[in-house]
Amino acid sequence: MWKLVIADDEPRIRRGLKQVLPWEEMGIEVVGEAEDGLEALELAKSTRPDIIFVDINMPFMDGLAFVEQLQLEYKCLVIVITGHDEFSYAQKALKLKVFDYILKPVIKSQLQELIERAIIELEDNKLQEGFRTYANNQLQNNSILIRDSFLRRWIAGLLDQDEISRNIEYLQLSISAATRQAVFKVIQGTNVGTVKKEWSKELLEFAAKNIVEDILGKKAPHIVFHDEKGHIVVFSPINNESEWLQHCMAIQTKFGEILARMVIYMDRAMGEHYYDADKIYNELVSGINIKGSLSPVVLLAKKIVEQSYSMPNLTLQEIADQVRVSPTYLSKLLKKEVGSSFIDYLTEVRINQAVLLMNDPSFKVYEIAEKVGYNSQHYFSNAFKKITGVSPITYRKGGRT
């Protein structure tokens, strides 16, 4: 229903206007009354009416001042109520672009005709707004299609540097040397969790892209699109490694919860030669293909390790139980496909995480050790030196190999 506010300092006039027409039958609800201009202004802000009746002469703020102030705050149809001796004021009101005016005493037939015209105006405005919204949505959708077409041609190596620069500027894309490029791939053969879910290729790709956009959308501006092979390609402004890893872990978790599938990814900073996105893309896809060649059991075991490395007592038995194979079989698979024992792989994951935390001076070394799953700083230091070649203290001082 359309909403109506009545503003007049005479209670008799307000009552008459409320009763003169069958408002509800006309699709109009009287949402409030005001007896002065200030009260009418506050009422308009709170109720957001479609139509306002306003008297010319009201205390505190007259009708004309009210209209001027209202137009600064809120748009609606204003109908001025005026007496014969106030006709010059009514003419001024029309210059303020009010919808119309009506003379006192109000004649029912004239008011009804005026309201019918107001409803036509409101419906026409609503229709035009709908068309504008539709046009804007279409324009936005078309701009995304144009953007994605350019990006696919770029990563396919079909554009020269001048074309790339022109399109980045024309499409106003936030891509620079600081941008991170990433490629995500859903592993079709995996089924995470106890409930099996079947997805068509198209629906899985659509849902996967939505999940990535949802997680990364909280940190704008991201560019997310599909390549020709069904991968999800991302251009991200996040250059903090720890923050990026948190987002990727959230994406992996959400894939398991919603799609019951695993997702693998590769990423790297684009650097000053960012216009070579096609070369970076090919490197990332090659890395994805290597990762994707691992068996589902190993992929799942690696995922569990990467999400549970902070647990001090994480064991091969626990991982094997979760992937539903024997510890001996899992150990052989890891050695064969990853080239590492379970302990060596767990140590590598922990120390890689520790290196990221080393860049944050707010963490002490013993705190970093605890965060990556070591109860003893001594054992942590030995493991850190084994992987990086230097002790944590030396690494933090800049003595890196």
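Helix α8 (residues 241-259) holds both glutamate 257 and lysine 254, three residues apart, about one turn of the helix. Their side chains meet in a salt bridge, 3.8 Å from N to O. The model is predicted. A search of the whole structure finds 16 salt bridges.

**Salt bridges**
- Arginine 268 pairs with glutamate 283, with the closest N and O atoms 2.9 Å apart.
- That pair links distant parts of the chain, 15 residues apart: arginine 268 sits in strand β9 (residues 262-269) and glutamate 283 in helix α9 (residues 277-292).
- Both partners are partly exposed, arginine 268 at 30% and glutamate 283 at 44%.
- Glutamate 10 bridges to arginine 12 at 3.2 Å, N to O.
- Glutamate 10 is partly exposed at 30%; arginine 12 is exposed at 57%.
- A salt-bridge network links Asp8, Glu10, Arg12, Asp55 and Lys104.

**Threonine 179**
- This residue lies in the loop between α6 (161-170) and β6 (180-187).
- Threonine 179 counts as buried because its relative accessibility is 3%, under the 20% cut-off.
- A polar atom of its side chain lies 2.8 Å from the backbone nitrogen of serine 176.
- Beyond four places in sequence, its contacts include Phe235, Arg268 and Met270.

**Threonine 47**
- Threonine 47 belongs to helix α2 (residues 37-47) and is buried at 16% relative accessibility.
- Its side chain places a polar atom 2.7 Å from the backbone oxygen of leucine 43.
- Outside four places in sequence, threonine 47 touches Lys3, Val5 and Val31.
- Glycine 32 is 15 residues away along the chain, with a C-alpha separation of 7.9 Å from threonine 47.

Methods:
Residues are numbered from 1 along each chain as its sequence is written. This is a predicted model: local features need pLDDT of at least 70, side-chain atom pairs count only at pLDDT 80 or more; totals for chains, interfaces and linings use all residues. Side-chain values use heavy atoms; hydrogens and water are left out. Helices (H or I, at least four residues) and strands (E, at least two) are DSSP runs, numbered from the N terminus. Buried means under 20% relative accessible area, exposed over 50%, partly exposed in between (1.4 Å probe, protein chains only). A polar contact is a pair of N or O atoms within 3.5 Å; within protein, one must be able to donate a hydrogen and the other to accept it, and residues adjacent in sequence count only if both atoms are side-chain atoms. Contact means heavy atoms within 4.5 Å. A salt bridge is a side-chain nitrogen of Lys or Arg within 4 Å of a carboxyl oxygen of Asp or Glu.
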